[in-house]
Amino acid sequence: MITNTKLEYKGNLFPQTIINFEKHVDTFTFQSKNNVLLRVTILRDSVIRFRYTTDGRFDRDFSYALDDDYPKGYNELDFSEDHDFYVITTAKVKVYVSKENMRIGIFDLENNPILQDELGFHWEENMEYGGNIVKMSKLSPKGENFYGLGDKPSHLNLKGMRFTNWNTDEYAFGKDKDPIYKTVPFYIGLNQKTAYGVFFDNTFKSHFDFGHERMGITSFWADGGELNYYFFYGPSLKEVVKSYTLLTGVPEMPPMWALGYHQCKWSYYPESVVTNLAKKFRDLKIPCDALYLDIDYMDGFRCFTWNPDYFPEPKKMVDNLKKDGFKTVVIIDPGIKIDENYSVYKEAMDNEYFCKRSDGPYMKGKVWPGECYFPDFTNPDVRKWWEGLFKGLIEEVGVKGVWNDMNEPAVMEIPGKTFPLDVRHNYDGEYCSHRKAHNVYGMQMARATYEGVKKFAYPKRPFIITRAAYSGTQRFTSSWTGDNVASWEHLWVGNVQIQRLNMSGMGFAGTDIGGFAEQPSAELFTRWVQLGVFHPFCRTHSSGHHGEQEPWSFGNDVTDIVRNFIEIRYTLLPYIYTMFWEYINYGVPMIKSLVYYDYEDTQTHFRTDEFIFGRNILVCPILEPNTNGRRMYIPRGKWINWWTGEVVEGGQEVWVDATIETIPIFIKTGSCIPKFPVQQYVGEKNIDELTVDIYFEMDSHKSKIYSDAGDGYDYKKGRFSLRTLQLIGKEKGLVINQHKEGDFDAEYKDFRLKIHHLPFDVKDIYVDNEKVEFINVKKDNHFELAVNKEFSQIHITAKE
């Protein structure tokens, strides 16, 4: 007779002595005495994967996060061993695996430590759910700083903090609230001038501790699954971010209109409100490319339907908006109303596409339509079905974009505000509970939405926006930071979040400008627009219950300032389009925190406010009320004040004047900034001439200008234009060389070069060795020059 049935709590368990290893091409597998396996895979010289299992076998190798097109390959790979260690050496790093306890040490080729295990891999048996709680702890030297982790609303530098990843609908979240909407389990360590990264690819609830519990120790762990992480070596911070971004993937080029200004509210209805909104934008000549419809456009909040009372002829309305340059974007949530007369519900029921509880009942939850069931987006058949549902909205009605909300997934009136943990998921054939699928639910919904919009928008490009995400979601969609608050604190939070998301691979992101909850003051709204136009995704959104939040809602003075800043964004569209091209081709963040821009300058390690927009524009928002300026840090180099033309030497903190009409903006010397004329929407004007502002520097500096058709996929067939302008500044002259790649011929025929801050008086100008006349020489030798866009070299000489 069994009398003792209590399971023994064993506490933390550790690998024992290594007794065996195998090498297969780029992969090394080590086995411990207690049957722990460590598999080390060399993806690149500076990218290494570490994967552990505790029962002597690995499950199917599957990840939603990784890009199938990630470039693999290495230059060198050697293996050796001594009495205490196995040693794996690439062209960049050495990996030491302890024979005694499987602990890892990663060093550069000069044997300087980069990242070393403290306790290393260990685990704890999960008595409640089965499986293991998997853990890793690393040594953190004094002075090390940490960055990344996606949308955390905390200081940019994560040192001394602790976080949890569990996608959560957190309405009106506050500073340091954790967790919130997204899971990006990737962090960057920066020790002196050496940077590395860790991506913990585990979709269970995960946790990170950067010296919060134990000083000098960094740890990460998850409530289930494998201890599976990727190590990235720089040594520059830029290389770390690039490697992670390319591993998890980048999007396609967006349609250029998606980079314009967007206006949204919960909710614009009925149709007359939408058409009057559009008319007001055009009457006031405030540029705008997209108008959004929130849940009230639906019939009883049923997805893929239209309310016949509010929008009796949706196609006609969408077509009329299109004629005036507006693209229509609509919201789609995951909750499907339980209604036998609703075709979407019936199809899903007939095919068993909804999530079920562990004992068989459907996962029922209350959201906007009332009681709903929820599709299992981790099932490929469900994603394919969901894809087909967009035919009506996109192909038939003409909607241009879709906005996925509530996809954490959020559920009302349930503890935890999400699915119970026993809900079952397909997980692409790796059947599991919600514990494992929760953090990727929103990602897979956005993926299915992307495929649907792409299919029915073809040959045009899709535009998707999501609230919830997991690493790699950026391949399918843009994102925003969720239900923020109209407060000065949230203006600061939003600035940090967008910097952090860009450093975490999710570049196409923005905030709800002005704040979603509560009502901003005129000053706060103004300052938020002044920041928001310098974010990759630029949208005002608000809860209409708190008041109006259109550009004209705060009086004529604010309207004029807001119009001016939106116009600045529209003039910079070729610059923004180029920085997007650099992001998708080279993994370069569109928004660069100062620590990313110049990590070797220790003054940047704790800066949160200033950032670099693209390659050459320094922006610093005004984050406090009742101020006409602020102190800010100017990074090393020379910078020119956008408003005054004053040249400022970097590497110092300075006071910058900024009345309500301005914020601190600086241009790096040596830059070429391409500009369009102001348009009310993308494509409104035929652009015959591209303005390029050129800022002299006594050095050599390259800038790029990328263009294509602005929509469609011909750019993937070589029909793009990539122009590289090289400035060579000298005491007695300036040379501008141009190199062009690609087959696309942009509509503009000429460049209007506006050359600033020449340190000499101009004698002659030669374009491709032919002397030309020039005019408009102004104070401080600012002048303009119109040239054919196909020039190869411009040589400006100085008077003796």
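User: How much space lies in the second largest pocket?
Analyst: About 770 Å³ of space lies in the second largest pocket, where a pocket is, on a 1 Å grid over the protein atoms alone, an open set of points with protein on both sides within 12 Å along at least five of seven lines. The volume is the space filled by probe spheres set on the points, which are joined across faces, edges and corners. This is a predicted model, in which local features need pLDDT of at least 70 and side-chain atom pairs count only at pLDDT 80 or more, while totals for chains, interfaces and linings use all residues. Residues are numbered from 1 along each chain as its sequence is written, and side-chain values use heavy atoms, with hydrogens and water left out.

User: Which residues lie nearest the centre of that one?
Analyst: V682, G683, A709, G710 and D711 lie nearest the centre of the second largest pocket, out of 33 lining residues, a lining residue being one with an atom within 4 Å of a point. The largest share of this lining, three residues, comes from β44.

User: And what is the lining made of, by class?
Analyst: The lining of the second largest pocket has 16 nonpolar, eight polar and nine charged residues; here Ala, Val, Leu, Ile, Met, Phe, Trp, Tyr, Cys and Pro count as nonpolar, Asp, Glu, Lys and Arg as charged, and the others, Gly among them, as polar.

User: What about the largest pocket, which element gives the most to its lining?
Analyst: That is β4, with four residues, and the largest pocket itself has a volume of about 930 Å³. Its lining comprises 40 residues, with D59, F204, G225, E226 and K436 nearest the centre, and it divides into 15 nonpolar, twelve polar and 13 charged residues. Helices (H or I, at least four residues) and strands (E, at least two) are DSSP runs, numbered from the N terminus.

User: Which element gives the most to the second largest cavity?
Analyst: Helix α11 does, with four residues, and the lining includes Y575, T578, M579 and E582. The volume of the second largest cavity is about 100 Å³, and its lining divides into four nonpolar, four polar and three charged residues.

User: Is α11 itself largely enclosed or open, and why?
Analyst: Twelve of the 14 residues of α11 are buried, so the helix is largely enclosed by the rest of the structure; buried means under 20% relative accessible area, with a 1.4 Å probe and protein chains only. Among the buried residues are W581, Y583 and I584.

User: What span should it have?
Analyst: The 14 residues of α11, 573–586, should span 20 Å at 1.5 Å a residue, and the end C-alpha atoms are 20 Å apart, which agrees. The expected span is 1.5 Å times one less than the number of residues. After the helix comes G587, with a positive phi near 65 degrees.

User: Last topic: which strands does β48 pair with?
Analyst: Strand β48 (residues 762–767) runs antiparallel to β51 (residues 793–798), joined by five bridges, and pairs in the antiparallel sense with β49 (residues 770–772) over three bridges, where pairing needs at least two DSSP bridges between two strands. V767 stands opposite I794 in β51, while in β49 the bridge partner of V767 is E770.

Definitions and conventions
Buried < 20%, exposed > 50% of the residue type's maximum accessible area, 1.4 Å probe, protein only. 1 Å grid on protein atoms, 1.4 Å probe; cavity = no way out; pocket = protein on both sides within 12 Å on 5 of 7 lines; lining within 4 Å.
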